[in-house]
Amino acid sequence: MSMFDRYIIRRLFTTTVFVLGVLIFIFIVLDFSENSDDFTDQGATFQAIWNEYYLNYIPEMIRLVMPMAIFTACLFLTGQLSERLEITALKAAGISLYRLFAPYLAFAITMAVVVSALDSYIIPKSNQKRIAFEDQYIKKKNEKIDRSEIYRQPTPNSILRINFFDGRKNIGYQIRMIEFEGKEVS
């Protein structure tokens, strides 16, 4: 690994970490402003909010914004290299653009491994703690998943339509069973 490769990777890393920090800070501020009423209504302390909720939410945020942070770092660094005429100097020294691409590729593969490790080992445990905190301190949001206009096919010759399903009472409203044979509806 040449000195230039180490320079590129170090600059990509520092820029990515900076962009991640900024994006995570913005996300925490927006999320706190949205959920602060729920936190105070339910009696959560600031220490509990930070230690149990946000510290366990940061790995998920990293996973979500890492691609954008890496892309921003690559664009920023390449723009700086071009502005300072470093790419021109490298081309004049006989280094191909494919060789210039090698540290970018190495950095991308390393970050892909880091995100995969986060997905495999850290995020499931932290999400479990974060979701437990949400269940305790954040009001339940109305889930609209699979509640209205539900269609099921209980048999090959019938379709069941439920206009609305109340999950708390386990009751379906305006239920219609459509039976058919071939192209005939009966």
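A residue counts as partly exposed when its relative accessible area lies between the limits for buried, under 20%, and exposed, over 50%. In this predicted model, Phe-32 has a relative accessible area of 32% and is therefore partly exposed.

**Aromatic pairs**

The structure contains 12 aromatic pairs. One of them joins Phe-32 to Phe-39, with 6.2 Å from centre to centre and 35 degrees between the planes, an arrangement classed as tilted. Phe-39, the partner of Phe-32 in this pair, is buried, at 0% relative accessibility. In the pair of Phe-164 and Tyr-173, the ring centres are 6.3 Å apart and the planes meet at 25 degrees; because stacking requires planes under 30 degrees apart, this pair is stacked.

| Residue | Relative accessibility | Class |
|---|---|---|
| Phe-32 | 32% | partly exposed |
| Phe-39 | 0% | buried |
| Phe-164 | 38% | partly exposed |
| Tyr-173 | 38% | partly exposed |
| Lys-125 | 58% | exposed |

**The ring cluster and a charge over a ring**

Phe-32 and Phe-39 also belong to a cluster linked by ring pairs, whose other members are Phe-27, Trp-50, Tyr-53, Tyr-54, Tyr-57, Phe-133 and Tyr-137. Tyr-57, a member of this cluster, has Arg-130 over its face, at 4.2 Å from the ring centre.

**Lys-125**

Lys-125 is located in helix 4, which spans residues 97-137. Lys-125 and Glu-86 are 39 residues apart along the chain, and 44 Å separates their C-alpha atoms.

Key:
Residues numbered from 1 in each chain as written. Predicted model: local features only at pLDDT ≥ 70, side-chain atom pairs only at ≥ 80, totals over all residues. Heavy atoms only, no water. Phe/Tyr/Trp six-rings, centres within 6.5 Å; stacked < 30°, edge-to-face > 60°. Buried < 20%, exposed > 50% of the residue type's maximum accessible area, 1.4 Å probe, protein only. Lys NZ or Arg CZ within 6 Å of the ring centre and 35° of its normal. Helix = DSSP H or I, 4+ residues; strand = E, 2+ residues; numbered from the N terminus.
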